[in-house]
Every structure is written in C-alpha cells, then in structure tokens.
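Open the model in your viewer, show the side chains, and follow the stops below in order.

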Amino acid sequence: MYRHVILFKSEKPSAIEKICQHVMSIKDEIPNLLDVTYIENLTDNAKGYNQMAIMEFKKRKDFVGWREHPYHQQAVEQLKEIADTIFFDYEC
C-alpha cells in the first residue's frame with residue numbers, strides 16, 4: 001500500500017474541504033486510486049495545519065499516474081492559491 005498524505009494550512013478551510021470532497025466523489029474515475037480520506041484537525045497544537053487528506057494507492061507507480069491526472073493538476077493550482085501544504089508519502 002502506498003499512501004500520499006497532505007497537510008493543509010489555510011484561512012479557507014471550506015474551500016479545501018470542497019476540493020477534497022470532489023476528489024472523493026470522482027475517485028472511481030481516477031485509475032488505481034483506492035481510497036481518499038479527509039480529516040479536520042481537532043487540536044490547536046499543529047502549527048496552523050488544520051486539515052489533512054490521505055490518498056491510498058496499491059503501489060507507488062499508481063500514485064505517479066495520479067500526479068499526471070488532469071484533475072490533480074487543476075487541484076494543485078487551486079490549492080496553491082489558498083493553502084500551505086506539507087506532503088508525506090510512505091509505503092506499508
């Protein structure tokens with residue numbers, strides 16, 4: 001399993017939630033994307049990072065396909081305008 005974790009710091013959390021909800025709604029259209037989880041932070045001990053998304057793929061090479069997907073490119077551009085991000089990817 002390959003997981004792509006994104007932490008978001010934003011003054012517009014509803015906009016980030018909307019983007020994540022859209023990815024979850026089209027996940028069947030994205031090759032090799034197994035699952036998407038959207039989580040809101042419950043603590044104030046996260047240096048301002050108030051949301052997280054976790055995307056699961058079977059293999060790392062499947063994630064490469066997602067990075068090239070047209071919707072991913074669009075989401076990246078939208079997120080650049082409204083959030084600071086931290087990425088953490090791992091295999092388990």
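Begin by selecting Glu-77 and Lys-80, whose side chains meet in a salt bridge with N and O 3.5 Å apart; keep in mind throughout that this is a predicted model. Both residues belong to helix 3, where they sit three residues apart, about one turn of the helix. Glu-77 is partly exposed, with a relative accessible area of 45%, while Lys-80 is exposed, at 58%.

Next, select Arg-3 and Glu-56, whose side chains form another salt bridge, this one at 2.9 Å from N to O. Here the pair links distant parts of the chain, since Arg-3 lies in strand 1 and Glu-56 in strand 3, 53 residues apart. Is Glu-56 buried or exposed? Its relative accessible area is 17%, so Glu-56 is buried, the cut-off for that word being under 20%.

Now move to Lys-27 and Asp-35, which form a salt bridge whose closest N and O atoms are 3.9 Å apart. Asp-35 is partly exposed, with a relative accessible area of 29%, and Lys-27 is also partly exposed, at 23%. The count of salt bridges comes to three.

For the last stop, select helix 2, residues 60-67, and colour Asp-62, Phe-63 and Trp-66, which are buried. These residues cover an arc of only 100 degrees around the axis, which means that they lie on the same side of helix 2. If you then show the surroundings, you will find that the buried residues of helix 2 pack against strand 1, helix 1, strand 3, helix 3 and strand 4. Finally, turn to the face of helix 2 directed away from its buried side, which carries the exposed residues Arg-60 and Lys-61.

Conventions
Residues are numbered from 1 along each chain as its sequence is written. This is a predicted model: local features need pLDDT of at least 70, side-chain atom pairs count only at pLDDT 80 or more; totals for chains, interfaces and linings use all residues. Side-chain values use heavy atoms; hydrogens and water are left out. Buried means under 20% relative accessible area, exposed over 50%, partly exposed in between (1.4 Å probe, protein chains only). Helices (H or I, at least four residues) and strands (E, at least two) are DSSP runs, numbered from the N terminus. The arc is that of the directions from the helix axis to the C-beta atoms. Contact means heavy atoms within 4.5 Å. A salt bridge is a side-chain nitrogen of Lys or Arg within 4 Å of a carboxyl oxygen of Asp or Glu.
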